[in-house]
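Open the structure in your viewer and keep the selection tool ready. We will go stop by stop, with a short note on what is there.

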Amino acid sequence: MISNYRAKLYRLIFSLAAIYNFAFGLWACLRPQSFFDSVEIAPPNYPALWSCLGMVIGLYGVLYAYAAFRIDRAAPIISVGLAGKILGPIGWVMAINSGEWPFRTFTLIVFNDLIWWLPFGLFLLDETHPGRWLRRITPWACAVINAVAALALLFALRGGTEAISSFAERATYIAEHTTLWRAGWAVWMAAAVSLVGFYAWWGAWTASTSWAVVATAVALLGLACDLLAESFFIGWLPARIETLAPLGSLLTGGAANGLYTIAGIILTLGTRSLCGLLRIWAWAIWVSGFALTVCTVIGSTTGMAISTAALMLLLCPWIAAFGWKLQRDDHKGTAV
């Protein structure tokens, strides 16, 4: 049986999937050409076909809403949904290779498909041995992936970021290191997903699972901002660097980071077993997180560099240490 806490998380995820599908379906039906306008490609000769696709996607929203309402009967729906979300990127890669679609359509695949892989997969594996193993390694995976992301920022992405003042130099670097640039931001996308996964895992040890779900919802909103920004970096740069790079920085360093910090504070306040050095350490992380948000909003490149370095140096080992403590104490372990 799925624990009550995890059932709440799955209901949240499936509800969000339903809302997304309803919204996308309406958008595709009512304004079939707007997607093609937004990614600057020629609209289809028969826009009604795109509208029909929107209807199908919208109908999936009904199924996801039912899955959120009846978790005990959701497995077949989520299985079919996950299969479709695996096939979608395969078709997208074929369209890219054939030259039918440009790489900047990557944002569509991120939100239509990739973002749902982990939660849908975890639901289907929930009470299996692989599912329990994935939950056990959550803090270690998050710590490692975020550490790798920090190294990627330093060694692979720095030449195309605000660390270089000239847009022309940044654009040149990205154009000359396109594969490295895209791979580096793909790692950051994985790091963002792993952080939200860690927050959801952490919530099982809080005094109130309802507040843990709220914290996860806040973190998921941050994740949406993060993935939108990083999909812009991957799909649109260097062509739109002067307009989308500043917007992306505000989305990821400002909005996403700020929301992650708020979610972390909610979980910190709700975790009685977080005390002593680990609690002081946690508050140092959240102070660094807010500092990064403020520096991003005001455009302080030096402040962004310092606060990012402080945040990552504090966050990665803390996640590992805190995760080890929770699992060692086995506090509320049956809920995880």
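Select Phe35 first. At 4% relative accessibility, Phe35 counts as buried (buried means under 20% relative accessible area, exposed over 50%, partly exposed in between, with a 1.4 Å probe and protein chains only). Trp27 is partly exposed, at 32%.

A word on the source: this is a predicted model, where local features need pLDDT of at least 70, side-chain atom pairs count only at pLDDT 80 or more, and totals for chains, interfaces and linings use all residues. Residues are numbered from 1 along each chain as its sequence is written, and side-chain values use heavy atoms, with hydrogens and water left out.

**Aromatic pairs**

How many aromatic pairs does a search of the whole structure find? The search finds 32. Rings of Phe, Tyr and Trp (its six-membered ring) pair if their centres lie within 6.5 Å; planes under 30 degrees apart count as stacked, over 60 as edge-to-face and the rest as tilted.

Select Phe14 and Phe120. This pair is edge-to-face, 5.8 Å centre to centre with 80° between the planes. Phe14 is in helix H1 (residues 4-30) and Phe120 in helix H5 (residues 106-125), 106 residues apart. Helices here are DSSP runs (H or I, at least four residues), numbered from the N terminus. Phe14 is buried at 0%. Phe120 is buried too, also at 0%.

Go back to Trp27 and Phe35. Their ring centres are 6.3 Å apart and their planes at 85°, so this pair is edge-to-face.

**Around Phe14**

Show the contacts of Phe14 (heavy atoms within 4.5 Å). Leaving aside neighbours within four places in sequence, they include Tyr64, Ile71 and Phe123.

**Charges over rings**

Select Arg182 and Phe103. Arg182 lies over the face of Phe103, 3.8 Å from the ring centre. A charge sits over a ring if NZ of Lys or CZ of Arg is within 6 Å of the ring centre and within 35 degrees of the ring normal. Next, select Arg104: its charged end sits over the ring of Trp236, 5.5 Å from the centre.

Select H10. Of its 28 residues, 21 are buried. Then select Pro238, in the loop between helix H10 (209-236) and helix H11 (241-269). A cis peptide bond joins Leu237 and Pro238, with omega about 10°.

**Last stop**

Select Glu40, in the loop between helix H2 (34-38) and helix H3 (47-69). Glu40 is not a glycine, yet its phi is positive, about 60°. At 42% relative accessibility, Glu40 counts as partly exposed.

Conventions. Helices (H or I, at least four residues) and strands (E, at least two) are DSSP runs, numbered from the N terminus.
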